[in-house]
Each structure stands twice: as structure tokens, then as C-alpha cells.
Amino acid sequence: MRKWEEKYNEIQSGKLDARISELQEKFNNKTITRDELKEFEKSKRIKENISKVDNVVEYKNKLEGQLKEIKAEQDRRKSLVDLEKEAKKLDGELGRLKIEKAVAERELKTPDLSDDKKAEIEARLAGIKDKMNKNQESYSKNQLTIAATSKVGGKLAELPDEELAGKRTNISSKISKCNMICGKLIEGYSWDSIDMKLEQWQDRKFTSKKETVDKMRNAAKEDKKEKIEKTSSQAREGQNREAGKSKTTTGRTNPEESKEKQEEEKAGPLVEVSEFDRKHPRLAKIKNFFKKMGQSIKNTFTDKEEDLEKVEKEEKTPVSQEKTSEAKDKEEADDFRSYIKVVADKGMKQADKERLEAKKEALKQKLAEQNEKDEEER
């Protein structure tokens, strides 16, 4: 039992009322001490909070009932898994026993079998048959249990495992919040201070297998994007260095280049050469170098830009989903804060009534906006 629950039980027994009356008398007679006055003020605040605690406890009991049902459903599913494993094990065992039985029966047909050997094989065969009968009994019992366990599931049985686990986490979190609220109310705290605690509450996140896979995929995409950007940067640096080298050689006599030119002139042009290239071979070579370099740069950056665009496009959906999930979590937390305050002040029944009315009003407003939009489009 929690500390606040122990104190709550004491208050319900009338202990707090007796103490308040005692302190009230001292206050009226002006014999109350400073510490007793502090206790008196705190006790009155606690007394005022008791009705709120009653209401929150009622709601907490409802949540605990729901949590119990979820745990029972999860236990039922675990039992089915264990029963299926047992059935598979019994099937395997029966298969082995059948092989052993066939071997023993074949041995009995061996010619010139001694009486002792025959008796030994028959005893072994009888043992095998006994095991097979027990196996069949166990299997029949197993199948009946599976059938009975399968029928027990109610509405929760329709939920996937991950959704059920998420529901359990959500309800457990709400129960923890209710315990915090009751503990603070029992200590005489105001609702404003409690609401601040709720606003700062960090829920334990339920992460499904799909969410884990999405996170891994996003991390891989981020690595791919960084590699592409790094490769692009290295390509730019390399191309700038090559361009710098070519500029420094312009205007200088290069023996190797002259030799290469003589060989090209002897062999004759392999492709059609413009008049400018024939008259100014050195300038033509520099021009062609930069032309090839330009095409190389264009091809490189075209490929990299396409890759980057592809990665960025793939990134958009997961990021958007993550933001939507965070917004949804905040909306749910804010909804709980609003709902639990009404529960504490007016009780669960009135809170449910007001919540239903608010949903109806929101739906009515949405339909009105849609009708107005349809009218404008006509």
C-alpha cells in the first residue's frame, strides 16, 4: 500500500476530522501555537481536497480494472503460444515413437529369433505403445485446452499484440498520474501545482517494432545523405585542383606536348577538326580540356543532385509521421489534464458527460464548416 493510501484510509476513519476539531477549539480560545496553526491550515486544505481524492480514486479503480483485463488477455495469448509449442513437441515425440514401433515390429519378423530376444523386443514394443497412448492423451488434453483458451478472448482479442501493449502502457501511465494526484491532494497541494506536475510529466514511450525499423531506416538515409554530400565536396575540390594545374601550364613550352603534337600530325586527325583547332592546336587542346572538364562536372553534380533529391524525398514521410506522433501524444496528454480536473471537481460521471457533449459540439462545428465550404464551391 502506498503512503498516500495509508493516510487516505486514516482520514476516512475520521482521524482528520477529530484533529481539525481539536485545533479549531484551540484557535477559538487563542491557545494555538505557531506550528499548530500551520497544521490547522494544512489540515483544512486536505479536508477540502478529500472529495477530489474520492473522485480520482474512483477513476483510478476503473483504469485498474481495464489494466487487469489487458494483462489477462496478454496472459491468454502467452498461454496459447505455450500450448502450441507443447502440441508441436507432442507431434514430434509421436513421430519418433512411430519409427521406434516400426523398427521393433520389423525386428520381430527376423527369422530364427531366440525366445529371449523375442521377449525383449516385445517388452520394448509394449513400452513404445504405452508411450504412444500417453502421448495421444496429452495431445487430446492440449487441443481441448487450446479450444477453451481461444474462446475466452473478448473485444481485446481483436487487437494486435503491439496495439494491446501500447494500450497497457498508456493506462499504466494514467494510473501513475492518478497516484501522483492523490498523493499531492492528501498533502494539501492546490490543483495549480498538480497541473504543473502533469504538464511536466514525461510519459514512458511505447516503441513498436515498426517504429524501431523506421528509426533504423531514417539513420541509414541520414548516413547516405552525408556520404553523398561528402563525395560531392571531394569532387569539387579535385576538379578545382585540375583546373588550377592546367592554368599554370598555359603559355609554357612543354617538350612532351611538342612530341605528342608531332606524332598526332604524322598520324593525321582521327576525328573532324575545326579550322580554329588546326591553326591553333595549343589553344585547342586547352579548350578541349576545359570542355571535357565542364562535362565531367555537369555529370557528377547531376548524379549527386538526383541522389540528394531522392534521399530528401524519402525523408519527408517519416519526419512528418514523427511530428504527427509527437503532436498526437501532446494532444492526448492535454486531454487527460483537462479530463482529470473535471473528474476531481465533479466526478467521473459528470466528466464523461461533459466530454461527450464537447465531442458532439466539435463534430457539429466540423459539419457546419464543411457545409459552408461546400456552399462556397457551388
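Helices here are DSSP runs of H or I with at least four residues, numbered from the N terminus. By that count, N142 sits in helix α4. The model is a predicted one.

**Helix α1 and its buried face**

- Helix α1 spans residues 3–12, and W4, E5, Y8 and I11 are buried in it.
- Viewed down the axis of α1, these buried residues fall within an arc of 115°, so they line one face of the helix.
- The cover over the buried residues of α1 includes α2, α3 and α5. Helix α5 runs over residues 161–186.
- G14 follows α1. The phi of G14 is positive, near 100°.

- The structure holds 25 salt bridges.
- One of them joins the side chains of E5 and K60, at 3.8 Å from N to O.
- This pair links distant parts of the chain, with E5 in helix α1 and K60 in helix α3. The two residues are 55 residues apart.
- E5 and K60 are both buried.

- D334 and K330 meet through their side chains in a salt bridge of 2.9 Å, N to O.
- Both residues lie in helix α10, which covers residues 281–346. They are four residues apart, about one turn of the helix.
- How exposed is D334, by relative accessible area? D334 is partly exposed, at 28%.
- K330 is exposed, because its relative accessible area of 52% lies over the 50% cut-off.

- The side chains of K346 and E354 form a salt bridge of 2.9 Å, N to O.
- K346 is exposed, with a relative accessible area of 53%.
- E354 is partly exposed, with a relative accessible area of 25%.
- Elsewhere, salt bridges with shared partners join R2, E5, K60 and E64 into one network.

- Is N142 buried or exposed? N142 is buried, because its relative accessible area is 2%, and buried means under 20%.
- The side chains of N142 and Q143 are joined by a polar contact of 3.0 Å.
- Which residues does N142 contact, leaving aside neighbours within four places in sequence? They are L83, E86, A87 and L90.

- Most residues other than glycine have a negative phi. Two residues described here have a positive one.
- K30 has a positive phi, near 60°, and is not a glycine.
- K30 is placed in the loop between α2 and α3. Helix α2 covers 15–28, and helix α3 covers 34–108.
- K30 is exposed, with a relative accessible area of 78%.
- D112 also has a positive phi, of about 55°, although it is not a glycine.
- Where does D112 lie? D112 is in the loop between α3 and α4, and α4 covers 115–152.
- D112 is exposed, with a relative accessible area of 84%.

Definitions and conventions:
Residues are numbered from 1 along each chain as its sequence is written. This is a predicted model: local features need pLDDT of at least 70, side-chain atom pairs count only at pLDDT 80 or more; totals for chains, interfaces and linings use all residues. Side-chain values use heavy atoms; hydrogens and water are left out. Buried means under 20% relative accessible area, exposed over 50%, partly exposed in between (1.4 Å probe, protein chains only). A polar contact is a pair of N or O atoms within 3.5 Å; within protein, one must be able to donate a hydrogen and the other to accept it, and residues adjacent in sequence count only if both atoms are side-chain atoms. Contact means heavy atoms within 4.5 Å. The arc is that of the directions from the helix axis to the C-beta atoms. A salt bridge is a side-chain nitrogen of Lys or Arg within 4 Å of a carboxyl oxygen of Asp or Glu.
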